[in-house]
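Visitor: I am new to protein structures. Please show me how to read one, feature by feature.

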Amino acid sequence: MKITKILSLLFFVTVLISCGGSEESDEPITTPVERVRAAFEMSISPTDQNVLLLDNKTVGTGEFTSEWDYGQGNGFVLDQPGIEEVRFDNDGTFSVTLKVTNEAGVTQDVQTVVVANSAGGICPNGICVTSNAGVLKDVSTTFLVGNITRASKVNSGGMDAEILKTHFSSITSEYEMKMDRMHPSQGTFDFAAADAIVNFGVANGINVHGHALIWHNATPDWVKNFSGTDAEFETMVKNYITTTVTRYKGKVASWDVVNEAIEDGSGNPLRNSVFKQKMGDDYIKKCYQWARDADPDCLLFYNDYNMASSSGKRAAMFNIVDDLGDLIDGVGAQMHINYNFPSKANIQAVADGTVSRGLKLHFAELDVRANPDDDQTILTSERAGLQKAKFTEVVKIYNSIPLANKYALTVWGVRDNETWLTDFWGHIDWPLMFNEDYSKKPAYDGFLEGLK
């Protein structure tokens, strides 16, 4: 009986499976249509700060339509191929909407545009620079306002060159007036890039600061592995400095003769560079003497970092300066700082120590990190305001020193997207005075306010 029931059950299941498997559906297999996600990017025209550039970045399969509402009361218009150029002449806050429609429905991307014509037009990232009371180089009447450049930028004649000519009264080579570039191999000099930078400055009435003759991080391999005697090494260095400074005599107004010769470690000793190894602890004095002999009228500076954040390094720097006596004219204090560090008192200490020695002060390599802790994905209004305040603080300190001690305040870069700090720290930051589209940031106003 059990066997019969089992066989009957198996037969019943088999019939069911057979019947189910034999049924054929007349319905076609369809894939559900997904909504296409609207997405766009916007930027300010580099030639007109009242013109917004809108780039539709929407991608998707199948047919879809894209429409814009520029937030100016005219409703939606169909997206056209290429970049949309939209003019905003009236002050206010506008919502730009991209609407994308397909069979599955509608999606939208909405972004806000802030316009303040007192700030020049459309405000980058919604952050308006409102004073724009003048041009840096015109407002700064008692010292030079500098920035860095490269041969490719001055040769191209593009926006970088125009920014330098419009806003700055001094230029510094970012890296092309260092030993590895100007003396790439034994017996060979290459001044092509340096010539381009110097000639640009001379042609446009812009002061040129030379940076830097001796730096351990820009020493060519053939110098590091010099095969001759120590005496021959010293003769080579003397010839390099003499040749370079003589070439630009009357064109380069100042030189950082030695750069960053002090270690960061305990006691801040001299860095154990190849120059120290082969020329002795007095190699610095020798280099300054050769530069002085080559161009007696050129201002000679010693340049280093962490002068404000490390009292020990600051003391070591002043020891070097004191030992040089009348071979040196000034101190270059790099200002790679944060919006919240170092303190005003420590920055003031650099100025006070320099002034007390009767030397000129160059606040060199100024940039103010707005994102030192990597806690920001965009430059917020709050952080931009704090950065602006730090720019003001630095400029006020510099502007308050006696006229005889002033030389220049050099910013280390034009646009945020070109800063060296991104590669160095490995995350985004916005440490300079201009946005990627060359529009001014609140930091620019901060500099101006420091001059009042």
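What follows is a short tour of strands, helices, cores and cysteines.

Guide: First, the ground rules. This is a predicted model, where local features need pLDDT of at least 70, side-chain atom pairs count only at pLDDT 80 or more, and totals for chains, interfaces and linings use all residues. Residues are numbered from 1 along each chain as its sequence is written, and side-chain values use heavy atoms, with hydrogens and water left out.

Visitor: How do I read strand pairing?

Guide: Strands of a sheet pair through backbone hydrogen bonds, either parallel or antiparallel. Helices (H or I, at least four residues) and strands (E, at least two) are DSSP runs, numbered from the N terminus. Two strands count as paired if DSSP finds at least two bridges between them. Here, a closed barrel of 8 strands runs E9-E10-E11-E12-E13-E14-E15-E16, with parallel pairing. From one strand to the next, the twist averages 25 degrees. Axes for such angles are lines fitted to C-alpha atoms, for helices over the stretch in contact, and angles run from 0 to 180 degrees between N-to-C directions.

Visitor: Which strands pair with E16?

Guide: Strand E9 (residues 144-149) joins E16 by 4 parallel bridges. In that pairing, Gly146 stands opposite Thr410, and Val145 has Leu409 as its bridge partner. Strand E15 (residues 360-369) also runs parallel to E16, with 4 bridges. There, Leu366 is partnered with Val411. The chain gets from E15 to E16 through helix H13 (residues 381-399), in a right-handed β-α-β crossover. Right-handed has a set sense: with the strands pointing away from the viewer, the path from the first strand over the helix to the second runs clockwise.

Visitor: Is E16 (residues 406-411) mostly buried or exposed?

Guide: Buried means under 20% relative accessible area, exposed over 50%, and partly exposed in between (1.4 Å probe, protein chains only). In E16, 6 of its 6 residues are buried.

Visitor: Which strands does H13 lie across?

Guide: Contact means heavy atoms within 4.5 Å. H13 lies across strand E14 (330-338), E15 and E16, at about 180 degrees to E15. Helix H10 lies across strands E11 (207-215), E12 (254-259) and E13 (299-304), at about 160 degrees to E12.

Visitor: What is a nonpolar core?

Guide: In soluble globular proteins, nonpolar side chains tend to be buried together. A core is a set of buried Ala, Val, Leu, Ile, Met, Phe, Trp, Tyr and Cys residues joined through side-chain atoms within 4.5 Å. The largest one here has 97 residues, and Trp255 and Phe363 touch the most other members. H10 (residues 283-294) gives the most to this core, with 7 residues. Another core, of 17 residues, lies apart from it and includes Leu54, Trp68, Val100 and Val115.

Visitor: Where can I find antiparallel pairing?

Guide: Look at strand E2 (residues 51-56). E2 pairs with strand E1 (residues 40-44) over 5 antiparallel bridges, and a hairpin of 6 residues joins E1 to E2. Ile44 stands opposite Leu52. On to strand E5 (residues 84-87): 4 antiparallel bridges join E5 to E2, and Leu53 faces Glu85. In E2, 5 of its 6 residues are buried.

Visitor: How many disulfides are there?

Guide: A disulfide is a pair of cysteine sulfur atoms within 2.5 Å. The count is 0.
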